[in-house]
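Reader: I have a structure to learn. Can we go through it by question and answer?

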Amino acid sequence: MPMKLLPLIFAMVVAARVLVAQEKKPDAPPTPEPEKTEEIKPFTLTDEERAAGWRILFDGRNNPGLRGLTYNDFINRGWKIDHGSLFCFKDFKDMGRVTGGHLITLDQFVDFEFAFEWKLSVSGKSGIMYFAAGTREKPEGFVYSIMDDVHNPDGLKGGPIRRTGALYNIIPPIEGKKLNEPEHWNEGRILVEVNHVEHWLNGEKVLEYNIGSPEFRQKLVASGVKGGPLWGTKFKTALVILDDGEEVDFRNLRVRPIYTPAVPVPGAPAAAGR
């Protein structure tokens, strides 16, 4: 090959490589994988719990045993079902105001055990009311207090009788109770059997009292709390979840009616149990 053709051939090869490089498209960025959302499994009952008579009121997806007390459309008013919990959402302007409204069980109970889990925002407050009367907007009754004991002004000013686990404004919980911080889940229980009542917090009994006893009546009088004609007595009751103006989550809401056999009266036919 003549030497004078070599530069021409070399130039043609370089030009071809440049043209191929220009026409080659850059590799497309990898397609991002869709985010994996955690599957929220509904709370269920074991065979033993079913046999014991437990019923689910809210399982993380559905609320078969609850309805709105203050508002029928409580889900549109402020309550939301999200990530397995029943959540009362508050905009900043709504803090301290009832928005979603109070919730109430469909059924009423005489003797029962109610189990629930809750999580508060900082300075949060709520409660579970039983022996409930009053109005839709302003129910009255005994309240298992749920509160951020460290930051909520009501608990700070009112003292132990208003803090978590207390019979609100009447009986304080025990000292040294185990309460998890805001944004962490806690477990509560209310037990009512005959005239005996217990409040439990995170697996520990934090108070108990007997309705109608002289000691309890003294506490009622000393509290200064006033109620309607049924105040301080036991009667068939629904359970009310309070919207106290602060954000709160609830989950795993369950109730177990307790059927106490009636005591036969001599000379009279035995009454059927409830």
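Reader: Is Asp149 buried or exposed?

Author: First, a note on the source: this is a predicted model, where local features need pLDDT of at least 70, side-chain atom pairs count only at pLDDT 80 or more, and totals for chains, interfaces and linings use all residues. Residues are numbered from 1 along each chain as its sequence is written, and side-chain values use heavy atoms, with hydrogens and water left out. Buried means under 20% relative accessible area, exposed over 50%, and partly exposed in between (1.4 Å probe, protein chains only). Asp149 has 14% relative accessibility, so Asp149 is buried.

Reader: Which side chain meets Asp149 in a salt bridge?

Author: A salt bridge is a side-chain nitrogen of Lys or Arg within 4 Å of a carboxyl oxygen of Asp or Glu. Here the N to O distance is 2.8 Å, and the partner of Asp149 is Lys177.

Reader: How many residues apart are Lys177 and Asp149?

Author: Helices (H or I, at least four residues) and strands (E, at least two) are DSSP runs, numbered from the N terminus. Lys177 is in the loop between helix 4 (153–158) and strand 9 (186–193). Asp149 is in the loop between strand 8 and helix 4. The pair links distant parts of the chain, 28 residues apart.

Reader: How many salt bridges are there?

Author: One of them joins the side chains of Glu117 and Arg251 (2.9 Å, N to O). That pair links strand 6 to strand 13, 134 residues apart. The count of salt bridges comes to 15.

Reader: Over which ring does the charged end of Arg251 sit?

Author: A charge sits over a ring if NZ of Lys or CZ of Arg is within 6 Å of the ring centre and within 35 degrees of the ring normal. The charged end of Arg251 is 4.0 Å from the ring centre of Trp185.

Reader: How many bridges join strand 6 to strand 13?

Author: Two strands pair if DSSP finds at least two bridges between them. Strand 6 and strand 13 run antiparallel. Within this pairing, Glu113 stands opposite Arg256 in strand 13. The number of bridges is nine.

Reader: How many residues of strand 13 are buried?

Author: Strand 13 spans residues 248–258. The strand is mostly covered: of its 11 residues, the buried ones number nine.

Reader: Which residues touch the most other members of the largest nonpolar core?

Author: A nonpolar core is a set of buried Ala, Val, Leu, Ile, Met, Phe, Trp, Tyr and Cys residues joined through side-chain atoms within 4.5 Å. The largest has 41 residues. Strand 6 (residues 111–120) gives the most to this core, with five residues. Those touching the most other members are Phe114, Tyr130, Phe142 and Tyr209.

Reader: How many residues apart in sequence are the parts tied together by Phe142 and Trp231?

Author: These two rings also pair edge-to-face, at 5.1 Å centre to centre and 85 degrees between the planes. Phe142 lies in strand 8, and Trp231 in the loop between helix 5 (214–223) and strand 12 (240–241). The pair therefore ties together parts whose separation in sequence is 89 residues.

Terms used. Rings of Phe, Tyr and Trp (its six-membered ring) pair if their centres lie within 6.5 Å; planes under 30 degrees apart count as stacked, over 60 as edge-to-face and the rest as tilted.
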